[in-house]
Each structure stands twice: as C-alpha cells, then as structure tokens.
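Subject: Structure for your files

Dear colleague,

Please find the structure below, as promised. My notes on the packing follow it.

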Amino acid sequence: MGKKRFTINLFANIVTFVINLAINFALSPFIVKHLGVEANGFVTLSNTVVSYANVFTVALNAMFGRYISIEIHRGNKEKAKKYFSTVFFANCICAVVFSIIGTIVSLNIGNILDVSEALLVDVKVTFTLTFFNYVLGLIFTVFNVCTFVKNRLELSSICNIVQYLIRAVILFLTFWILPAHIYYVPLTAIIVTSIGGIIYKKYTKILTPELEISKEDFQPKLALSIIKEGAWFSLQQINKVLETGLDLLISNQFVSSIAMGSLSIAKTVPNMIYQLTTTIAGVFSPTYAELYAKDEKEKLINTVKTSVSVMSIILMPLMIGFIVYGREFFLLWQPTLSKETIDSIQILSILTVLPTLFNGYVEGLYYINILTNKVKISVIVTFGFSIAAVITEIILLLTTNGGVYIIAGTSAVFMSIRYLFFTPCYCAYVLGVKWNTFLYKLFRAIIVSIVEFFIFVIIKRQFTISSWTSFFISVVITGMVGYLIAIILMPTAKERKQIIGLIKKNRS
C-alpha cells in the first residue's frame with residue numbers, strides 16, 4: 001500500500017504542477033493583451049500583500065499538526081481535541097481581524113498604491129476578494145491535519161488535483177465568455193478554496209472522527225503556547241516577505257505600476273523553478289534524517305555533497321537555458337508587448353533567476369539546520385541580509401535613476417551572497433566539519449554552469465527562432481546537450497553510485 005500511495009502522491013504532484021504551469025502561461029498573456037501589463041502586476045501583488053498576514057498566523061499554524069499527531073498516536077484524544085478546537089477558534093479570531101484590515105485596505109487601495117483610474121474598481125474588487133479567500137482558507141486550515149495524522153497524504157494530492165482542474169475550467173470559461181476582469185482570478189480562488197474546505201471536512205469525519213470542534217475545548221493559554229513555540233516560523237516568514245514579498249510593492253511605490261507589472265511577468269518562470277527546486281530537495285530529507293539518527297556522520301556528509309550534484313544536474317540546464325533563451329521565450333509568450341518592454345523583462349528575469357540558480361545548488365542543505373535543531377542563527381543571519389537589501393534598495397532608488405532594475409538587482413546580489421557563502425558554510429558548521437567542505441562542490445557547479453552558458457549560446461546561434469516550433473526544437477537539442485554535460489562534469493564516480501542508490505531507494 002505504501003508504494004501505491006507514493007505513486008499516487010508523486011503523480012498528483014506532477015499533475016498539479018503541470019496544471020498550475022498551464023494556467024499561469026495561458027492567463028498572463030491574456031490579461032496583458034486585454035487589460036495591460038499593469039493589470040497583470042496587480043493580480044500578483046494582491047496575493048503578495050495578503051500573504052503578509054502569514055507573518056502573524058504561521059506561528060499558530062506551522063506546528064499544530066505535529067502536536068495533534070503526537071497526542072493522537074499517544075492515545076490522548078482529549079488533548080488532541082483541545083489543540084484542534086483551540087487552533088480553529090484562534091484562526092477564526094484572526095479571520096475577523098484580517099477581514100476588518102482587508103476591508104480598510106481594499107477600500108483605500110487607490111490612496112495606498114499607484115493605480116490607474118481605468119483599473120481602480122477592478123483592483124479594489126480584486127484585493128477585497130483576495131483577502132476574503134485568505135480568511136476563508138484560514139478558517140478551513142485546521143481540517144487539513146487529518147491526512148497528515150493518518151499518513152494519507154495521497155488524499156491531499158487528489159484534492160489538489162480536483163481543485164486545480166476546477167480552477168482551470170472556471171478561469172477558462174469566465175475569461176472566454178465574459179468581459180475581461182482581473183477579479184475573476186480571486187473569485188475563482190474563493191470557489192476552489194470552498195470546495196477544498198468541504199472535501200477536507202469530509203476527510204476529517206472519515207479519518208479522524210474523534211477530532212470535533214467544541215467551544216469548551218478552546219483554551220487561550222494553549223493558543224499562546226503554540227504561538228510561542230512557532231515564533232521562529234514568524235521570523236522566517238518575515239524573511240520571506242523582505243526577500244521576495246516587497247519587490248512588487250516597492251516597484252509600485254517608488255517606480256510605477258507599469259514597472260511593477262513588468263517585474264511580475266519577469267518573476268513568473270523563476271518562481272515556478274523555485275517551487276520545483278524545493279520539491280526536488282525534499283527527496284533528500286528522509287535520507288538525511290535516517291543517517292543522522294544512526295549517527296553515520298561520514299555518510300551524511302557524502303549524501304549532502306551528492307545533493308549538490310543532483311540538484312545541479314537537474315536544475316542547471318533548465319535555468320541556464322532560461323537565461324539564454326529568455327528573450328525568445330518572452331517574445332513568443334507575450335506577443336502584444338513591444339520589443340523594448342520584452343528586453344526590460346528579460347533583464348529583470350535574469351536578475352531574478354540568478355539567485356534562484358545559486359539557491360538551487362544549495363537547497364538540499366537547508367534541512368540540515370532543522371535536523372540538527374540549529375535554525376536560530378540561520379534565521380537571524382537571513383533577517384540581517386533581508387533588512388540590508390531593503391534599506392539598500394530604498395537608498396539607491398532615492399539617489400539614482402536605476403528604477404526597477406535596482407529592486408531586482410539589489411535583491412539578487414544579497415540573496416546570491418547568502419546562498420554562495422553563508423548557506424554552505426553554516427551547513428558545515430552545524431555538522432562539525434571544515435567550513436569549506438561544501439564550497440568545492442558549489443563552485444564546481446558554478447564553473448560547469450558557465451561552460452553550459454557559452455555552449456548554449458553557440459547552439460542557439462545555429463537556429464532562427466520565429467515560432468514555438470523552432471523554439472522547442474532548439475530548446476530540446478540544447479537541453480539534451482546540457483544534461484549530458486551536467487551528468488559528465490558534476491558528480492564523481494562515487495556520487496554516481498550513490499545517486500543510483502537513492503533513486504532505487506525512493507522507488508522502493
């Protein structure tokens with residue numbers, strides 16, 4: 001049954017990724033064509049602004065699943081019910097607060113952001129619906145725990161497929177039949193969230209009937225205890241906001257709404273690649289945990305090194321290819337935009353994807369901090385880098401004419417420095433090995449990336465790209481060469497054997 005569940009879960013994750021990819025690629029050029037670059041930026045910005053609320057709610061919701069699971073497996077059903085009800089009612093209180101805040105922000109959005117008069121009503125409605133969707137999701141969050149507690153994550157994956165398929169159908173029909181409006185996106189999200197909430201409530205009744213909501217089980221002191229334990233998650237969320245969640249807002253306030261829209265388009269593919277990166281990196285976590293628990297330090301270190309090679313092999317051709325073929329991709333993807341705008345978006349996309357490239361090489365190292373329970377220094381250092389980046393951005397925006405390039409470039413520099421130096425060195429520190437243990441593999445990956453870049457440029461020059469067909473032919477040939485280079489140059493002979501072993505282990 002374990003193999004079957006693993007297969008279903010893997011297949012479901014691939015399907016949801018593909019559906020989400022298709023939705024984003026189809027929706028963005030449609031919005032740009034009918035409503036403009038600015039409108040596309042506000043779709044992303046509304047979700048970004050609303051996500052700031054996670055800074056406050058993540059402390060409550062990051063760990064409650066673990067607490068409920070432990071109590072149920074220990075046979076303490078009453079204690080589990082108290083956690084369940086406490087988190088539910090605490091989230092309801094948060095929902096009321098954020099509903100009030102969201103209403104105030106949405107009604108005054110024209111005074112807060114740079115919005116053109118033609119889009120003002122659409123943007124107000126979009127922000128209102130986006131806040132409502134967040135509040136709705138917050139209320140339903142507690143029901144998601146049932147699949148985790150009973151180790152039935154494949155049911156969550158099936159639910160995700162249903163939600164994404166419904167989202168795709170509704171978006172297609174609304175934008176095809178009705179006049180174009182950006183608020184269809186959050187309106188669809190509300191429908192999908194509601195359906196997901198209903199499904200998870202049914203899951204809860206079937207899988208964990210002992211978990212029932214009761215006013216008598218609500219304990220404010222227990223909620224405060226959970227929040228206290230999850231405080232570091234709030235700081236991590238602040239780091240995410242500072243690193244990648246303020247760029248669109250700063251672009252809108254310091255440059256223009258058009259610049260914000262261009263940056264939003266430029267970030268679309270890098271954001272998807274980042275999601276893929278975190279998914280792949282998760283494959284190594286069980287192996288890390290097993291080796292750490294068995295105190296097999298040498299094998300753990302070798303596995304961490306191997307993770308850099310694996311991540312590099314998978315992601316390097318993808319991201320270098322995007323850098324090389326980016327302009328052609330954007331010309332085909334956004335045919336209504338001028339070449340000058342496309343050139344600007346391409347520069348922004350390169351600045352955005354570079355730190356994602358470096359992060360891809362070291363993403364597998366982050367779990368070591370959690371495994372060794374040494375996350376505080378990492379979170380504090382990340383916070384320092386994030387604050388420094390935002391302050392530098394604002395100073396440069398006020399003193400230069402760099403515009404949106406300052407925003408993307410400053411973030412790229414600070415994030416790249418952290419990924420290249422602090423992340424591998426801190427991983428070595430928490431494992432108690434020499435500080436440069438993982439730097440060799442990292443800089444080897446960078447050198448191979450440079451080699452691939454120049455080879456990709458040479459291959460690209462052999463083609464005249466004027467359609468999606470010629471684009472895909474060129475990209476496929478380039479990709480095949482890129483993966484061959486990565487496989488030959490990145491891993492050692494010993495690592496190749498270890499990679500094959502990891503693949504066989506995950507299959508079994």
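A residue is called buried here when its relative accessible area is under 20%, exposed when over 50%, and partly exposed in between (1.4 Å probe, protein chains only). Please note that this is a predicted model, in which local features need pLDDT of at least 70 and side-chain atom pairs count only at pLDDT 80 or more, while totals for chains, interfaces and linings use all residues. Residues are numbered from 1 along each chain as its sequence is written, and side-chain values use heavy atoms, with hydrogens and water left out.

Val324 sits in helix H16; helices are DSSP runs (H or I, at least four residues), numbered from the N terminus. With a relative accessible area of 7%, Val324 is buried. Not counting residues up to four places away in sequence, Val324 touches Phe453, Phe456, Val457 and Lys460, contact meaning heavy atoms within 4.5 Å. Val475 is 151 residues from Val324 in sequence, yet their C-alpha atoms are 9.8 Å apart.

A nonpolar core is a set of buried Ala, Val, Leu, Ile, Met, Phe, Trp, Tyr and Cys residues joined through side-chain atoms within 4.5 Å. The largest one has 109 residues, and Phe42, Phe127, Val304, Ile368 and Leu431 have the most contacts inside it. Helix H16 (residues 297-333) supplies the largest share of this core, 18 residues. Beyond four places in sequence, Val304 touches Tyr288, Leu365, Ile368, Cys427, Leu431 and Phe438. Another core, of 32 residues, lies apart from the largest one and has Ile72, Tyr83, Leu136 and Leu211 among its members.

Helix H3 (residues 54-61) is largely enclosed by the rest of the structure, because six of its eight residues are buried. These are Val55, Thr57, Val58, Ala59, Leu60 and Asn61. Their cover includes helices H2 (37-51), H4 (64-73), H5 (77-107), H7 (120-140), H11 (220-229) and H12 (231-245).

Glu71 belongs to helix H4. Glu71 counts as buried, at 9% relative accessibility. Leaving out residues up to four places away in sequence, Glu71 touches Asn76, Lys77, Lys79, Ala80 and Tyr83.

Helix H14 and its two partners

Angles run from 0 to 180 degrees between N-to-C directions, and axes are lines fitted to C-alpha atoms, for helices over the stretch in contact. The axes of H14 (residues 257-281) and H17 (residues 339-362) come within 8 Å and cross at roughly 25°. That makes H14 roughly parallel to H17; angles under 35 degrees count as roughly parallel, over 145 as roughly antiparallel, 65 to 115 as roughly perpendicular and the rest as oblique. The residues of this contact divide into nine nonpolar, eight polar and one charged. Ala, Val, Leu, Ile, Met, Phe, Trp, Tyr, Cys and Pro count as nonpolar, Asp, Glu, Lys and Arg as charged, and the others, Gly among them, as polar.

H14 also packs against H13 (residues 247-254), at an angle of about 155° and with the axes 7 Å apart. H13 and H14 are therefore roughly antiparallel to each other. Asp247, Leu248, Ser251 and Asn252 in H13 meet Ser257, Met260, Leu263, Ser264 and Lys267 in H14. This contact divides into three nonpolar, four polar and two charged residues.

Regards

Terms used:
Helix = DSSP H or I, 4+ residues; strand = E, 2+ residues; numbered from the N terminus.
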